[in-house]
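Reader: Can you walk me through this model? Keep it brisk.

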Amino acid sequence: MLSVGESVERGLSTTVAERSEKFSKGGLPPYGDEDLSVLYWDARHARSGAAFFDWYLDYSRLRSVFHQEFPAAETQPEILDVGFGTSEIPMRLFSDGWEFVTAVDLSAGSVRLAQQRREQKSLQFLQMDACKLNFPDHCFHAVFDKATFDTLVCSSRPNVSAQAYLSEVFRVLMPGGVFLMVTHSGPAERMPYLLQDPSRGWKVQAARIPKQSSLDGAEAEGETEEGEELQEAAATKSRAP
């Protein structure tokens, strides 16, 4: 299988090729790069095969948070998981009673894999850009993000990407809806992004969630990338007015 670096050399612009070469020589992976992120994530998901992998924390570590912050499952809320990758969280949410879950990811490979292994046909897995969500206004009671925001602020224009994404999250949330974001950075790094646009009127709460030193088994499986640190994860909840 071609590496990301090899694949982009075929017919792409010089700028893209240069960024790809930087990545192939050991630079920071192009998580949120406008040109390379799709290639990177498709290649990574293809390499990992059919195994589930959750960044930072798996469902068992977050289950109590979901039960505390999401609307009760019996109220049948609409939930959006943005950038699910190879996570099992959408399926586990369904198993816990939240039957109206939609999960989106930029990677077509991620979506295909999820569609192949889902057991619940009512679960929706869609290919979509988090900064250009193809949903009507005010259609979700809760939006969940684990590491997606972190990848966007790794782009060449972090604030532009971050604000485009947050504007979309705000747009699709129902009044009073909850945006639950799990990030590797603390409030000092994330609050400026969340509170930059006062028109959103979000009420933001943050909490730290201790991580296991092995990144929940990822390090042993060779899934960590150079430059990724093992630290606490922070859960940030933003409620729409």
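Author: Here is a short tour, from confidence to salt bridges. This is a predicted model, where local features need pLDDT of at least 70, side-chain atom pairs count only at pLDDT 80 or more, and totals for chains, interfaces and linings use all residues. Residues are numbered from 1 along each chain as its sequence is written, and side-chain values use heavy atoms, with hydrogens and water left out.

Reader: What is the mean pLDDT of the chain?

Author: The mean is 79, and 73% of the residues reach 70 or more. pLDDT is the predictor's confidence in each residue, from 0 to 100. Over residues 1-26 the pLDDT is below 50. Residues 213-231 are also below 50. Where pLDDT is low, the predicted coordinates should not be read in detail.

Reader: How many helices and strands?

Author: The chain has 9 helices and 7 strands. These are DSSP runs, numbered from the N terminus: helices are H or I with at least four residues, strands are E with at least two.

Reader: And what share of the residues is buried?

Author: Of the 241 residues, 50% are buried. Buried means under 20% relative accessible area, exposed over 50%, partly exposed in between (1.4 Å probe, protein chains only).

Reader: Which residues of helix H9 are buried?

Author: In H9, residues 187-194, they are Arg190, Met191, Tyr193 and Leu194. They cover an arc of only 160° around the axis, so they sit on the same side of H9. The arc is that of the directions from the helix axis to the C-beta atoms.

Reader: Switching topic. How many salt bridges?

Author: The count is 6. A salt bridge here is a side-chain nitrogen of Lys or Arg within 4 Å of a carboxyl oxygen of Asp or Glu. One of them joins Lys146 and Asp54, at 2.9 Å from N to O.

Reader: Where do Lys146 and Asp54 lie?

Author: Lys146 is in strand S4 (140-146), and Asp54 is in the loop between helices H3 (37-48) and H4 (59-69), so the pair ties together parts 92 residues apart in sequence.

Reader: Is Lys146 buried or exposed?

Author: Lys146 is buried, at 8% relative accessible area. Asp54 is buried too, at 9%.

Reader: What about Asp96 and Arg63?

Author: They form a salt bridge, with the closest N and O atoms 2.6 Å apart. Asp96 is in the loop between helix H5 (89-95) and strand S2 (101-105), and Arg63 is in helix H4, so this pair ties together parts 33 residues apart in sequence. Asp96 is partly exposed at 22%, and Arg63 is partly exposed at 39%.

Reader: Which residues are linked in a network?

Author: Asp137, Glu168 and Arg171 are, through salt bridges. Glu168 and Arg171 both lie in helix H8 (158-172), 3 residues apart, about one turn of the helix.

Definitions and conventions:
Contact means heavy atoms within 4.5 Å.
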